[in-house]
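Welcome! Here is a short tour of a protein model for someone meeting it for the first time. Please have a look at the picture below, and then read on.

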Amino acid sequence: MSPRIVFGGFLHETNTFAPSKAGMDAFVQGGGWPPLARGAAIFEAVRNVNVGAAGFVETARERGWEAVPTLWCAASPSAHVTAEAFETLTSELVERIGAALPADGVYLDLHGAMVSENFDDGEGEILRRVRAAIGPDVPLVASLDLHGNVTPLMVEAADVLVAYRTYPHVDMAQTGSRAAQALAGLLGAGKRPAKAFRQIPYLIPIAWQATAMEPCRAIYAELASLESERVPSLSFLPGFPAADFPDCGPTVVAYGATQAEADAAADAVAGRVTASEAAFKGKVFDPDGGVREAMRLALSATRPVVISDTQDNPGAGGDSDTMGMANALVRNGADRAAIGVIVDPEAAAAAHAAGEGATVTLSLGAKSGIPGDVPLEASFIVEKLSDGRFVAPGPFYGGSRMNLGPSACLRIGGVRIVVGSRKAQMADRAMYRQVGVQPEEQAILVNKSSVHFRADFEPIAETILVCAAPGPMPVDPSALPWRRLRPGVRTAPLGAPFA
């Protein structure tokens, strides 16, 4: 008889310092991810999409498993998941898993850095409840984002945790497949693998976590070389450095045939990460300095100069509406420049009411009240309107069917601004094209993203600059008002320990 594997997912990356929380609507809509799906509808929701569940389903099909879907949902990063949303979704997920029993195994597609209003360790609580429902003998495997802040409870409740190995996350579906392979190794096995868990003593800024850059490139190469039949799964998670609770930070999780082998692999990777602390730093421009440098480079460039507006990254909890970079583009007279996505539903509605070709006077953006941020108050030409529905085919979103709500391209001088009604990280060129902006034809592109944009924009970029305009996700995590970290953790590479 074919193995019966029950699966589901509940993903959120929580920035506890961000301005807006995630309620049920955020998961119903998806915010750039497939919307909330239940039962058999999950198969269609994740089909050909770069998410862990998609890779799991494909591998389950190849292995001839009976894959039993329960509930799957995700939302754009933000502040805490509301207690109502957490309890509603977790309770339904666990109930559906319980109703699907008996099962030979359970797979969960999780993020790893969820904080709800009622639980610091969202995934730990989800895994704890699922374990209680299925009992101690049913194998339980979960895939995680490499930005997960793994906790002791997560390691205890799951038999294996498998994390992404790329940032930008072009291997999300592949990680779901790797999790399925780990589950296959547990089916019928006489014993579970030994576990080793290490927490790294410093926080890593997300702007310097890109896995194609050093030091992550070398760390992940070493990690892959250490995996073997005796150490079947090994993960390094740089962590999400904006969750104010004791277990925030980078981690290593290893699984081995023996405890000694798991410990040796975990220690080797953790030692390499600790020795790389000084390398997790990079150059950051202020808004005017970054724009002027981009304009200088553009004079001789043959491709766009791309700027990361990293501190208002909606993929790290920002509302994608701060205007520091847009104001700098206009103030410095940038030409053939584009920025996106500015989330301002009222401005998008005004543009749609006025129509293409009209001029509208707006106080654009800066609705989330970030200190030091001000709107762009000006008259704009409405160049193009869109319903905000399109497919994002690039390597990060991987074919996700997106809905940014009513959207527009507004032009002021030589600057084009992509305005949307719902937030999603600017990580796909289609997000410009859906309102008529051809990104390859611009001299300067400013993306509200920290690293994920590199997957689709690096191939067309002359160079990439990182700018720190006002926003809720400081490029330097030591700037955050930490209160609840575990003592001794350094809040930035080579920084002062938290006390």
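Axes here are lines fitted to C-alpha atoms, for helices over the stretch in contact, and angles run from 0 to 180 degrees between N-to-C directions. Helices (H or I, at least four residues) and strands (E, at least two) are DSSP runs, numbered from the N terminus. This is a predicted model, in which local features need pLDDT of at least 70 and side-chain atom pairs count only at pLDDT 80 or more, while totals for chains, interfaces and linings use all residues. Residues are numbered from 1 along each chain as its sequence is written, and side-chain values use heavy atoms, with hydrogens and water left out.

**The whole chain**

- The protein chain holds 14 helices and 19 strands.
- Its C-alpha atoms fill a box of roughly 70 × 45 × 40 Å along the principal axes.

**Helix pairs**

- Let us begin with helix H4 (residues 83-100) and helix H5 (residues 122-134), whose axes come within 9 Å and cross at roughly 30°.
- That angle makes H4 roughly parallel to H5; angles under 35 degrees count as roughly parallel, over 145 as roughly antiparallel, 65 to 115 as roughly perpendicular and the rest as oblique.
- The H4 and H5 crossing is right-handed (a crossing is left-handed if the near helix is turned anticlockwise from the far one by less than a right angle, and right-handed if clockwise).
- On the H4 side, the residues in contact (heavy atoms within 4.5 Å) include Phe 86, Leu 93 and Ile 97, and on the H5 side they include Ile 126, Val 130 and Ile 134.
- Eight nonpolar, three polar and three charged residues make up this contact of H4 with H5; Ala, Val, Leu, Ile, Met, Phe, Trp, Tyr, Cys and Pro count as nonpolar, Asp, Glu, Lys and Arg as charged, and the others, Gly among them, as polar.
- Helix H3 (residues 52-63) and helix H7 (residues 172-186) have axes that come within 6 Å and cross at roughly 45°, and H3 and H7 are therefore oblique to each other.
- The crossing of H3 and H7 is also a right-handed one.
- Gly 52, Gly 55, Phe 56, Thr 59 and Arg 63 of H3 meet residues of H7, among them Gly 176, Ser 177 and Ala 180.
- Sorted by class, the contact of H3 with H7 has five nonpolar, six polar and one charged residues.
- Helix H8 (residues 216-226) packs with H9 at an angle of about 170°, their axes 10 Å apart, which makes H8 roughly antiparallel to H9.
- Among the residues in that contact are Ile 219 and Leu 223 of H8 and Ala 268 and Val 269 of H9.
- The contact of H8 with H9 has eight nonpolar, no polar and two charged residues.

**The three-stranded sheet**

- An open sheet with antiparallel pairing has three strands in the order E7-E9-E8; two strands pair if DSSP finds at least two bridges between them.
- Strand E7 (194-199) and strand E8 (233-237) are at the edges with a single partner strand each, so one side of each has no neighbour in the sheet.
- From one strand to the next, the twist averages 10°.
- E7 and strand E9 (residues 251-256) run antiparallel and are joined by six bridges, and Lys 195 stands opposite Tyr 255 in E9.
- Helix H9 (residues 259-275) lies across E7, E8 and E9, at about 20° to E7.

**The eight-stranded sheet**

- A second open sheet, with mixed pairing, has eight strands in the order E12-E13-E16-E17-E11-E18-E10-E19.
- Its edges are strand E12 (359-364) and strand E19 (463-467), each with a single partner strand, so one side of each lacks a neighbour in the sheet.
- Strand E13 (residues 376-386) and strand E16 (residues 407-412) pair in the antiparallel sense over five bridges, with Ala 408 in E16 as the bridge partner of Leu 385.
- Helix H12 (residues 345-354) packs on this sheet, touching E11, E12, E13, E16 and E17, and its direction makes about 175° with that of E12.

**Backbone details**

- The peptide bond from Leu 101 to Pro 102 is cis, with omega near 5°, and Pro 102 lies in the loop between H4 and strand E4 (105-110).
- The bond from Tyr 167 to Pro 168 is cis too, with omega near 10°; Pro 168 lies in the loop between strand E6 (160-163) and H7.
- Arg 336, in the loop between H11 and E11, has a positive phi of about 50° although it is not a glycine.
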